[in-house]
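The structure is shown first, and the analysis follows.

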Amino acid sequence: MSRVVADNIPLSEVARVESSPTLGHLLQCVGDLRKEVAGDDTPAHRALEISGGGEPRSIPFVLSFSNITYSVKVRRKLALPNVLRRRQATDPELGLSSAKTILNGVSGEARDGEIMAVMGASGSGKSTLIDALANRMAKGSVKGAITLNGEQLESRMLKVISAYVMQDDLLFPMLTVEETLMFGAEFRLPRTLSKSKKKLRVQALIDQLGLRNAANTVIGDEGHRGVSGGERRRVSIGTDIIHDPILLFLDEPTSGLDSTSAYMVVKVLQRIAKSGSIVIMSIHQPSYRILGLLDRMIFLSRGQTVYSGSPSNLPVFFSDFKHPIPEDENRTEFALDIIRELEGSPGGTKALVEFNKTWHALKRGNDAVSINGTNLSLKEAISASISKGKLVSGAAAPGAAATASLVPTFANPMWIEMVVLSKRSMTNSRRMPELFSVRLGAVMVTGFILATMFWRLDTSPKGVQERVGFFAFAMSTMFYTCADALPVFLQERYIFMRETAYNAYRRSSYVISHAAVSLPSLMFLSLAFAATTFWAVGLDGSFMFYLAIIFASFWAGSSFVTFLSGVVPHVMLGYTIVVAILAYFLLFSGFFITRERIPGYWIWFHYLSLVKYPYEAVLQNEFEDPVKCFVRGVQIFDNTPLAAVPEELKRKLLESLSSSLGIKITRNTCVTTGADILLQQGVTDLTKMGCLWVTIAWGFFFRILFYLSLLVGSKNKRA
């Protein structure tokens, strides 16, 4: 008998609760009990005894797969002699590439309420089979049939009713266990479920996972102490089962754990299975205690099935195969040893594979279970399961008569996803202030060095030249300091892939929230740099425009680096590419060589340069005053070999020049204005506002490219 809390539900409602209630039922019970404690008028729950007897489930789910075959092409490194190349067409073994079979005709079935374990030596195809069943392979690459209750599963439906737990624990290190699960609930549970019920759902899940003592502990990483390895693995499982899926796939969930932690993880999986889920996992070598928790096993050897059935039948199977398992031996260890021994023999495991087929055919009649007794279609069965508390993300969907829209593709609208993503990102950033502090420090140090190096520039010809150099360096600095944004997405990449693979949120929501969260920090950095340099250098023009173009530069640079992080998977490679491309942008910006002097075959790069537009914008902001003079009288000889001659001689040269030109030029005559400087620098294409808008547009353009890179490059499927 198992004891659960229930309210004064009608007897007809009690009668339909299975021996292992779903998390939906537990959540409802806990919620009503807490209402009573809080003084709510809702009637309190009473303790009911629910039989743990062996009544069959009214709505069984059976995942069947037959003849699953998967091959990959392997390129050969050795070139072939000309004589042998003629035989390539008839002998693929002599070709430059050949097909390697990873899975070869694997068949089996998994039922709700049970754990099916896929076992075998390294390289036997365990993870590949899990990926094939979870539809994580490229379309058309897997041959064979996979059905749920006899019906083919659509990719969209499978994403909604299933979850996949990767071998690596992909979690944010600075979030607590409770926060991690709560954010998962915000993503996977529908908006129609109140905040309080989501919290109760998380609390029930924490208890189910055995994480109550670690609920307020951060996950941790190499630099931050956090939860243990077993607790981290259970949190990973919890984030994927928050919506109580019907199908749960796990790739070696006990890998890297000690015996006790591994047992606790599988014990949790058993409770999940008993709540009405199909649990399929790969496992390398389970202990004796873990073996007692498993219901079905598939042993693979080089992609072929050498045993499929119950763990209890394993001794009988090997006894019939004339390799009896000693009573004091671990069954799975003995089986794996026999398989390895056969793999090293001349005939391989062919005899064992054939024996398994024969033995299984004889035993099949005893193990057969009908799944058609309910006469329900798959979608009707799923709808009935939702009504019983399973698949919480589908709770807001229409009733049993639903068609393809039985469960929504995404649990929440786009704006909810953006809010939750932004909240999670800000929580992470707040707990790792050193990341922003380092970036702010770099900007402030750069600004301080520039301010003291170009301190209070005058309006002489040398001052003009120094101002132009200051602007070129300052604007390029805005982009170089954005390079530290490169690791941000690279660190989140696999978390993002795991969450979006099963429709936790839309990719577009992630892109928009990623951009929105970055704006406040970019504005703060822009204000810090602008305030440090504008008055110290003695710049003219509008401070607000100077601030705006610096902010636009940070925005464009951050977007550019973010796009590259979506394309380049490695940090060091990404840094190399960023530094190289930004150097090219500076080269073609118009500072080192003006637009008129750039060769025609490179002029296209000039207009692609991100540095060009903010550089020209600040030049126009500085030199746009039509009445301000920058070169007067004898200053015309500055920056020439005549700059060193005495002042008196310069006056005489100026008088001689005036008489020759027929124009009176005195020592106070303005020779060069701001417009002349802009013309000399080749800044004639766009107005300063035009340059500002183009810079901002570049930022949006790279965010769109980032989104496209996520669509194309984050499918999270094997080839």
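Helices (H or I, at least four residues) and strands (E, at least two) are DSSP runs, numbered from the N terminus. The model is predicted: local features need pLDDT of at least 70, side-chain atom pairs count only at pLDDT 80 or more, and totals for chains, interfaces and linings use all residues. Residues are numbered from 1 along each chain as its sequence is written, and side-chain values use heavy atoms, with hydrogens and water left out.

**Confidence**

The protein has a mean pLDDT (the predictor's confidence in each residue, from 0 to 100) of 81, and 83% of its residues reach 70 or more. In residues 368-374 the pLDDT falls below 50, and this stretch has 6 contacts (heavy atoms within 4.5 Å) beyond near neighbours in sequence. Residues 394-404 also have pLDDT below 50, with 19 contacts beyond near neighbours in sequence. Where pLDDT is low, the predicted coordinates should not be read in detail.

**Pocket and cavities**

Both kinds of space are found on a 1 Å grid over the protein atoms alone: a cavity is a set of points where a 1.4 Å probe fits but cannot get out, while a pocket is an open set with protein on both sides within 12 Å along at least five of seven lines. Lining residues have an atom within 4 Å of a point. Grid points are joined across faces, edges and corners, and a volume is the space filled by probe spheres set on the points.

The largest pocket holds about 1500 Å³ of space. Its lining comprises 42 residues, with S429, L435, V488, Q491 and E492 closest to the centre. At least two lining residues come from each of α15 (414-431), α16 (433-453), α18, α19 (507-537) and α20 (543-567); α19 gives the most, 10 residues.

The structure also holds 4 cavities of 30 Å³ or more. The largest cavity has a volume of about 150 Å³ and is lined by 15 residues, of which G184, T239, R424, R498 and E499 lie nearest its centre. The elements giving two or more residues to this lining are α6 (177-188), α8 (229-240) and α18 (486-501), and α6 provides the largest share, 5 residues.

**Disulfide**

There is 1 disulfide (a pair of cysteine sulfur atoms within 2.5 Å) in the structure. C629 and C670 form this bond, with their sulfur atoms 2.2 Å apart. The pair links distant parts of the chain, C629 in strand β13 (residues 629-632) and C670 in strand β14 (residues 670-673), 41 residues apart. The torsion about the S-S bond of C629 and C670 is about 105°, so the disulfide is right-handed.

**Annotated spans**

According to the unreviewed UniProt entry, the annotation "transmembrane region" covers several spans, including residues 469-490 and 571-593. UniProt positions are given in the numbering used here, feature names are shortened, and annotations may be inferred rather than shown by experiment. In the model, residues 469-490 are 77% helix and 0% strand, with end C-alpha atoms 34 Å apart.
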